[in-house]
Every structure is written in C-alpha cells, then in structure tokens.
Amino acid sequence: MSELSSSPPFVAPASAVPSPGWQAAVGAGVILVAAAMAWGALEIPGNAGYGGVGPNFLPWACALVLAVCGGWLIWEAATGGYRQAADPGGAPRAAWGPFAWVSAGLLLNAALIVELGFIVGCTLCYALAVQGLRRAGGQTGLLSPRVLAVDVATGLAIAAPVFWLFTQFLAINLPGLTATGWL
C-alpha cells in the first residue's frame, strides 16, 4: 500500500514570483495612482452636503486607502517579498481575441452612449463583453442567432431596470434614446 504524503502547501517556483524589486515597484505604482487621485480630489469642491460629507470625500477616501495599500505592498517586498506566493495560473500567453471583444464593448459604450442612450449602449457593451468572455472560455458557436439573441435579451434585462431605477426613482439623468425618460 502506498502512504499518503503530507506535502506543504503549494509555493510557486522562484522563477514565477517577481523579484522583491519588482514587488516594491508595484507598491510604488499604487502609491503614484493614489497621489494622482488625491491631486484630482483637490479640484473637487469640498462643500459639505447631506450628512456633512462633500463630493470630494470619496476620492480622498480612495486615495488614502490606495496609499495605505501601496505602502503595505512596499513593506511586504522589503521584508521578504510576497510570502507563500501561489502559482499565478492562467494561460502562458495573453488571449488577445477575447480582450479585443471586451475592449470593443467598453469603448463602443463610452463612445456611443450619448447617441444611442444608456440602455442600448449598455446592452451592446454586455453582448460584446460576453462574446469575449465566452471565447476566452473556449466556447464555440458564439455567433449563432440564438446565442446573440440571448446575449442581447440578457443585456436589456440588466440595463433597462438600472436605467429606470436611476432616472425614474433616483432622478439621476442618464442619456436616453428618447426624451420621454423611459428609453
């Protein structure tokens, strides 16, 4: 009979884990993003609104949290690196096709949301992003009419209630296809 061996948890090979210098560079990059966010928060007026919180509160809170996380990443890198770093996983090469589908969905939504309205723009974004994610998962038959219809219907089922919630109940203006406020 074979014996069960008790092996320690998986630790990635040294070649798969970035050096402490690169790990510290990631932390420094996070701190730079925090500084950029704080710089942008300076441009937002701090007039206190409801509950004493102004519109610049959230950007300052995010900048602070990012700065703390960046400092923590640098501290981790300086005191031995990312401990017990797991195998990064994933494919050995980037999947550029699926990336292009998801990127196209996001960029088209940003470019066309004013002309097409929130519902149509977000539905288009959803349908293209799902195509990319399905391609990344290795699915086939993705451009069949049935799959496309399901993607568009699901996108509409998500985007329309969100639009109506924001415009009708919260009175937040989102770009619509018509002036009625319902599309």
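Thr 123 lies in helix α4, where helices are DSSP runs of H or I with at least four residues, strands are runs of E with at least two, and both are numbered from the N terminus. At 7% relative accessibility, Thr 123 counts as buried (buried is under 20% relative accessible area, exposed over 50%, partly exposed in between, with a 1.4 Å probe and protein chains only). Leaving aside residues up to four places away in sequence, Thr 123 touches Val 152, Gly 155, Leu 156 and Ala 159, a contact being heavy atoms within 4.5 Å.

The model is predicted, so to speak of local features takes a pLDDT of at least 70 and side-chain atom pairs count only at pLDDT 80 or more, while totals for chains, interfaces and linings use all residues. Residues are numbered from 1 along each chain as its sequence is written, and side-chain values use heavy atoms, with hydrogens and water left out.

As for the overall picture, the protein has 5 helices and 0 strands, which read α-α-α-α-α along the sequence. Of its 183 residues, 23% are buried. Among contacts with a separation of 6 or more, 59% link residues 24 or more positions apart. The accessible surface is about 12,600 Å², and carbon and sulfur atoms hold 73% of that (Shrake-Rupley method, 1.4 Å probe; for residues, only the protein chains shown count as cover).

Now to the packing of α4 with its partners. Helix α3 (residues 96-116) and helix α4 (residues 118-136) pack at about 180°, their axes 8 Å apart; axes are lines fitted to C-alpha atoms, for helices over the stretch in contact, and angles run from 0 to 180 degrees between N-to-C directions. That makes α3 roughly antiparallel to α4 (under 35 degrees is roughly parallel, over 145 roughly antiparallel, 65 to 115 roughly perpendicular, the rest oblique). The α3 contact with α4 involves 18 nonpolar, 5 polar and 1 charged residues, with Ala, Val, Leu, Ile, Met, Phe, Trp, Tyr, Cys and Pro taken as nonpolar, Asp, Glu, Lys and Arg as charged, and the others, Gly among them, as polar.

Helix α5 (residues 145-169) packs against α4 at about 135°, with the axes 8 Å apart, and the two are therefore oblique to each other. By class, the contact of α4 with α5 has 16 nonpolar, 4 polar and 2 charged residues. Asp 151 sits in α5 and, at 2% relative accessibility, counts as buried. Beyond residues up to four places away in sequence, Asp 151 touches Tyr 126, Ala 127, Val 130, Gln 131 and Arg 134.
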